Amino acid sequence: MPINLEIPKKLEAFAQQAHDVAEHVFRPISRKYDRAEHQYAVELDMLAKVMDGMREGAGHGVNGVGRAKHHGQTNGAAREVRNGSNMAAVLGMTELCWGDVGLALTIPRQGLGNAAIAAVASEEQLERFKGRWAAMAITEPEAGSDSANIKTTAQLDGDHYVINGEKIFVTCGERADAIVVWATLDKSKGRAAIKPFVVEKGTPGLEVVRLDKKLGIRASDTATIRLSDCRVPRENLLGNPDISVERGFAGVMKTFDNTRPIVAAMSLGVARAALERTRELLAHEGILADYNRSFYRAPAAEAELYRMEAELEAARLLTLKAAWMADNALPNSKEASMAKAKAGRVGNAITLRCVELCAGAGYGETELLEKWARDSKILDIFEGTQQIQLLIVARRLLGKSSDQLK
Amino acid sequence: MSAIGRTLSVLTRVAGSEFIGRMGLRRPAQELASRAVRGGVALGEAATRGFQALSGLTEPARLSTPKARDRFDLIATDEQVMIRSSAARVASDHFRPAAMGASEACSAPAEVMAKVEELGLTHYAIPEALGGAGNESSPVTGAIVAETLAHGDMGLSLAALSPVGVVNTLVRWGSASQQATYLPAFLEQGGLPAALALMEPQPLADPFSVRTRATPARSGFVLRGKKTLVPLAETAKLFLVSARVEGNRIELFLVERDAPGVSIQPAPAMGLRAASLGCLELADVQVGASALLGEGRAGAFYEELIDRARVGWCALATGTAQAVLDYVVEYCNGRTAFGEPITNRQAVAFMIADIAIELESMRLLTQRAASRAEQGLSFHREAYLARVFAAERATQIGTNGVQLLGGHGYVKEHPVERWYRDLTAVGLMEGGFVV
């Protein structure tokens, strides 16, 4: 098949469903839950049910990230190119975040922990944790971007691991049914010893300490949790328990390779929302960005719209490429980071610029533009900051280890 | 050598290449060869001297559009992989070593251009009915070729692709008689040097605001005006000139170099010097009605032509930007300061990462526009955005390429200063290579 960068019809239909949710469920309650921080959006329970149905119908999750099946043959000619669950997840998430980033983050059973489970769990674990809403806990007060430096420990004691430590910035940490907690089996063995554990809510020793107040994505709860001698069954360790240097930190990284394009997609969605609304508002002022004027003859505001649209389209295509690679089992660590870096910074820059261009309407609370500009900032931070993405890209390009290029 | 002999000799060289064998591409190569020969037979029967029209062709011959597809896919076809590998060899073995000399001389060496001819680009651009080997129209392949060649050198690529752009334009929009008059000459040994002449001296580079006038006269038109940054000024025998007819209607005219009133002067610029840029003056040049491209329907396709050429520029920019990236990775990894490679520092490493990110963005924007064009979908928006993006990012990559080499980037010992000059063109050039 020849090169084609259009979205296939079946995925377009899927994205349209997500768009309907964004438009008819998220947008009407967007401002409400921005103001009512920490209040659970009860409208989402209904939505979660609908989405389970949609998911079964479509064969892939809106937020769930799939593992590409390896086709077990190397003959290029016979290879069938797939547009699968990773691309679907990117498209769905873009639409949901066009509606509201905070709400998209707090859809029941669609947490980042679910993505981790999808990426590294065994078949038995996949079955056992099916239908569970799983949050993800990596960051600690003293370990942010350097997640290899986490201090939370897990010690084997009979049939259980005993987990001790504190985790911050746990999205859905209060609302989820379970939390995927990353802890080290042996601090002296470095990143190779860091493993993910599914900790079910209600497990003695697991405590939600507090909820943070934030710049944006207020509809999403962000929790600090503490684990004090928290005992979890040993079969809740996701993936392989061996401390092998080769596989090492690969679990975390594998999760991120799959979820970085999803976070990039979130940025695409909120930025597109801002850009679309800005175009509408500017159209009332006679600014029409219809690609008919020579760029250098266009008014500054029109040229700005073109520039933002071009940047957004660039970020969108990088994101689709990373997802497409994942769907086809092509190693995409560099591409996933490129997409996340580009989409993160472009999305934030666009939402901020739109506030500026729309002036009173942009900065005031009558429109959602100022909210989008607050929401977008986190997308250039979580799941790896801009700078971490650049490090990953640079190390790959330059053939450097993390000891050489720090 | 006969036309069919030439076609065969080109294809034999391609088909026998070691690379093709290694890549398991013999079959697509043979497929291409058989198609080319079918075209070659028709050509063999036709006398193709001067600009005399081939007789017997009453309808224009067009290339077909490939089948629509419904799957996101970034993998090039076997044919594209093959063409890309041949083009890559020309770029690395012939363009790169000749680039600096060609830039100094403001001229593309004949022996280098002969290597391009072996790629058979014009043959694949011309339909079988007109003696070529072309079958389907593929702007994607065009973009791939442009990107690959520009990795060697942008100026030489422009020199090589400028005639192909004219061919693509004639195949897509030319009348039967225009095709029959000019296209066979492109298949001759040495091809037909030809160029689009769309740029004018005034600032803001707006191809839709044309000052060159075409005044209707008894037997055709009288052209008056000035075109700048015209490629192949040294050698071109045929120009496609944009001119305003009545009010703001823009038409394109086929103007032969030898027509009275045509004068062309070398006018070197900051970069793209190997393409022998020049200034074309039209002092009351009389052309017949047959010189009007597509029989005066340019209103319907002028914008598309500009868009296709913009895709061409974005593809050229992508190739040269990739050259910058490859070069700075190697240079900066080998450059030591303060006791360690400078790439151990984030300030340097992040600049390189950003080059890679913006470059890949440029490539994907270009491919999307090209692929939409190929499928017959609207692509004006996509070409416009790709151009807006490339204009800014290509220049940025050019300047960062020099910056990363420091003082060494500023001297001609390294190619980055040439890429700096060439990449600046992407923000302002129109015409060039129509994919």
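How many helices and strands are there in chain B? In this predicted model, chain B holds 14 helices and 9 strands, where helices (H or I, at least four residues) and strands (E, at least two) are DSSP runs numbered from the N terminus. Residues are numbered from 1 along each chain as its sequence is written, while chains are lettered from A and ligands numbered from 1 in the order in which they are written. Because the model is predicted, local features need pLDDT of at least 70 and side-chain atom pairs count only at pLDDT 80 or more, whereas totals for chains, interfaces and linings use all residues.

Of the 435 residues of chain B, 55% count as buried; a residue is buried if 20 or more other C-beta atoms, placed from the backbone, lie within 10 Å of its own, exposed if 12 or fewer do, and partly exposed in between. Among the contacts in chain B that link residues at least 6 apart in sequence, 78% join residues at least 24 apart, two residues being in contact if their C-beta atoms, placed from the backbone, lie within 7 Å.

Between the chains, 39 residues of chain A are in contact with 38 residues of chain B. On the side of chain A that touches chain B, two or more residues are given by each of α8 (300-327), α9 (333-363) and α11 (386-398) of chain A, and the largest share, 11 residues, comes from α8(A). By class, this side of chain A divides into 26 nonpolar, 4 polar and 9 charged residues, with Ala, Val, Leu, Ile, Met, Phe, Trp, Tyr, Cys and Pro counted as nonpolar, Asp, Glu, Lys and Arg as charged, and the others, Gly among them, as polar.

Helix α8(A) has 28 residues and reaches 40 Å from its first C-alpha to its last, close to the 40 Å expected at 1.5 Å a residue, the expected span being 1.5 Å times one less than the number of residues. This helix is mostly covered, with 24 of its 28 residues buried, and is followed by A:Ala329, whose phi is positive, near 55°. In the loop between α7 (250-283) and α8 of chain A lies A:Tyr291, a residue other than glycine with a positive phi near 65°; A:Tyr291 counts as partly exposed because it has 19 C-beta neighbours inside 10 Å.

Within chain B, the axes of helix α8 (residues 154-173) and helix α9 (residues 176-187) come within 10 Å and cross at roughly 150°, so that α8(B) is roughly antiparallel to α9(B), a term that applies to angles over 145 degrees, as against roughly parallel under 35, roughly perpendicular from 65 to 115 and oblique for the rest. In this pair, B:Pro163, B:Val167 and B:Leu170 of α8(B) meet B:Gln178, B:Gln179, B:Tyr182, B:Leu183 and B:Phe186 of α9(B), a contact with 6 nonpolar, 2 polar and no charged residues.

B:Val140, in helix α7 (residues 139-150) of chain B, counts as buried because it has 29 C-beta neighbours inside 10 Å. The C-alpha atoms of B:Val140 and B:Ala370 are separated by 5.1 Å, although these residues are 230 residues apart along the chain. Not counting residues up to four places away in sequence, B:Val140 touches residues of both chains, including A:Pro2, A:Ile3 and B:Ala370.

How values were computed:
Axes are lines fitted to C-alpha atoms, for helices over the stretch in contact, and angles run from 0 to 180 degrees between N-to-C directions.
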